[in-house]
Number of protein chains: 2
Amino acid sequence: MPRSPILSASRIRTAALHIIDRDGLDGLSMRKLASELGVQAASLYGHVSTKDDLLHEVAAQILEQVDVSGFEGGDWRYGLLSCARSYRAALAAHPNIVPFLAYGPAHREASLRRLDVVHGGLVAGGWSRREATMIAASLLYLVFGAALSSFSSGFSEDQTFYRDRYPNLDKAHLLPSVARELDHDSFELALEAFVTGLAARVRS
Amino acid sequence: MPRSPILSASRIRTAALHIIDRDGLDGLSMRKLASELGVQAASLYGHVSTKDDLLHEVAAQILEQVDVSGFEGGDWRYGLLSCARSYRAALAAHPNIVPFLAYGPAHREASLRRLDVVHGGLVAGGWSRREATMIAASLLYLVFGAALSSFSSGFSEDQTFYRDRYPNLDKAHLLPSVARELDHDSFELALEAFVTGLAARVRS
DNA sequence: CTCCTAACCGAACGGTGTTAGGTTATCTAA
DNA sequence: TTAGATAACCTAACACCGTTCGGTTAGGAG
């Protein structure tokens, strides 16, 4: 073999994700990525076919961490809760890439595999196929909505900005310092209310 | 006054939204926008400070259509349901701009004004301020999640793609032809389950 | 020692958002 | 009627982007 490679698909993926986490999705450029790897931009294309493709690979890597094993016990409620929490945790670890992840989850192998498990678990739990599809979709709504429109990255650090303008919002709990906790609690509230509502529906 | 203007902020906004609806968010460039307005790209900057700013103006215009008057009757459940439906309808009318809309809704004047109303309506309905904040956040999760990770733009038209690969997903109801209806029904399911779950919580 | 070949580089193409400075057309004031 | 003011638009350019083509280089295989 000629020349030992200093690049690899895995190293590129790792560096790309690091840049995205640090500089945002728009902060990732092939030139910057190459530069941080000690290489010229053109060299990347020996390992990655396209920037879009690279992003999909990074996306798949993140989605691999979503755990749907909670459905194995046969309890669809526990399956739903644990899967949603795992999903959210995976997204919350890399919030900057969520907008990309949210675009067309149904085209992603890793996403479909998990969706299939969720769907199967729901049907096994007594839901119709159509209902299972809708519930799985709702789960994605919640998870992606929570990861995307989170408070953490939403409100200004300057509390006085909200004072007088929005009488109901001028509260300390909107400060970014507690926003992370609020995001978590809001997601838990939404998730539990959703599952509770589903359970109520199955009983009637 | 010199020379009658052929450009205006409003005309630019309208054309921009039209391009976004037709060609997607990435399909909007200042040069293309200018071209469709019969003008050179630089001319746009007399009416719009920045492309990002233009997008925010378009976003605000869309958010203005969200109706939160449902809270006026004093019934927080109805308020929540009607506001969520109105919100989703506004987003679903222009799905391509949703990824931009989802990014930092808390920085947008129009969004905050509505959030304030929702928050107030929930507090008036007996929820604590913190609970009201979390419920409002949950509502955004649902609405943006539904608008963003919708089935309509998710699954392949080619049904055979899913056959054998994902045994639980190989169903006719995943076809894009019915995906729009499925999206709507899934959102309704999620929304009603969520509100039902909240009502159950308030009763206990 | 030579050849082969994979890994990387330099330079370029067409595209992007944005800006500085110049032109043009119309309205106002003398 | 004409001169000036000025808003609206344009030309040209900058720095960046993703991507490609053709070349160079380093190291193992014969």
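This is a predicted model: local features need pLDDT of at least 70, side-chain atom pairs count only at pLDDT 80 or more; totals for chains, interfaces and linings use all residues.
Helix α7 of chain B covers residues 129-148, and at 1.5 Å a residue it should span 28 Å. Its end C-alpha atoms are 28 Å apart, which agrees.

Now the core. The largest nonpolar core has 110 residues. Those touching the most other members are Leu142, Val143 and Phe194 of chain A, together with B:Leu142, B:Val143 and B:Phe194. As a general point, nonpolar side chains tend to be buried together in soluble globular proteins.

Take A:Leu142 as an example. Leaving out residues up to four places away in sequence, A:Leu142 touches A:Ala84, A:Ala190, A:Leu191 and A:Phe194, and from the other chain B:Tyr141, B:Leu142 and B:Gly145.

On to chain A as a whole. Chain A has nine helices and zero strands. Of its 204 residues, 40% are buried. Among contacts in chain A with a separation of 6 or more, 66% are between residues 24 or more positions apart.

Last, one helix pair in chain B. The axes of α1, residues 9-23, and α3, residues 51-63, come within 10 Å and cross at roughly 85 degrees. That makes α1(B) roughly perpendicular to α3(B). On the α1(B) side the contact uses B:Ile12, B:Arg13, B:Ala16 and B:Leu17; α3(B) supplies B:Leu54, B:Glu57, B:Val58 and B:Gln61. By type, the residues of this contact are five nonpolar, one polar and two charged.

Notes. Residues are numbered from 1 along each chain as its sequence is written. Chains are lettered from A and ligands numbered from 1 in the order in which they are written. Helices (H or I, at least four residues) and strands (E, at least two) are DSSP runs, numbered from the N terminus. The expected span of a helix is 1.5 Å times one less than its number of residues. A residue is buried if 20 or more other C-beta atoms lie within 10 Å of its own, exposed if 12 or fewer, and partly exposed in between; C-beta atoms are placed from the backbone. Two residues are in contact if their C-beta atoms, placed from the backbone, lie within 7 Å. A nonpolar core is a set of buried Ala, Val, Leu, Ile, Met, Phe, Trp, Tyr and Cys residues joined through C-beta atoms within 7 Å. Axes are lines fitted to C-alpha atoms, for helices over the stretch in contact, and angles run from 0 to 180 degrees between N-to-C directions. Angles under 35 degrees count as roughly parallel, over 145 as roughly antiparallel, 65 to 115 as roughly perpendicular and the rest as oblique. Ala, Val, Leu, Ile, Met, Phe, Trp, Tyr, Cys and Pro count as nonpolar, Asp, Glu, Lys and Arg as charged, and the others, Gly among them, as polar.
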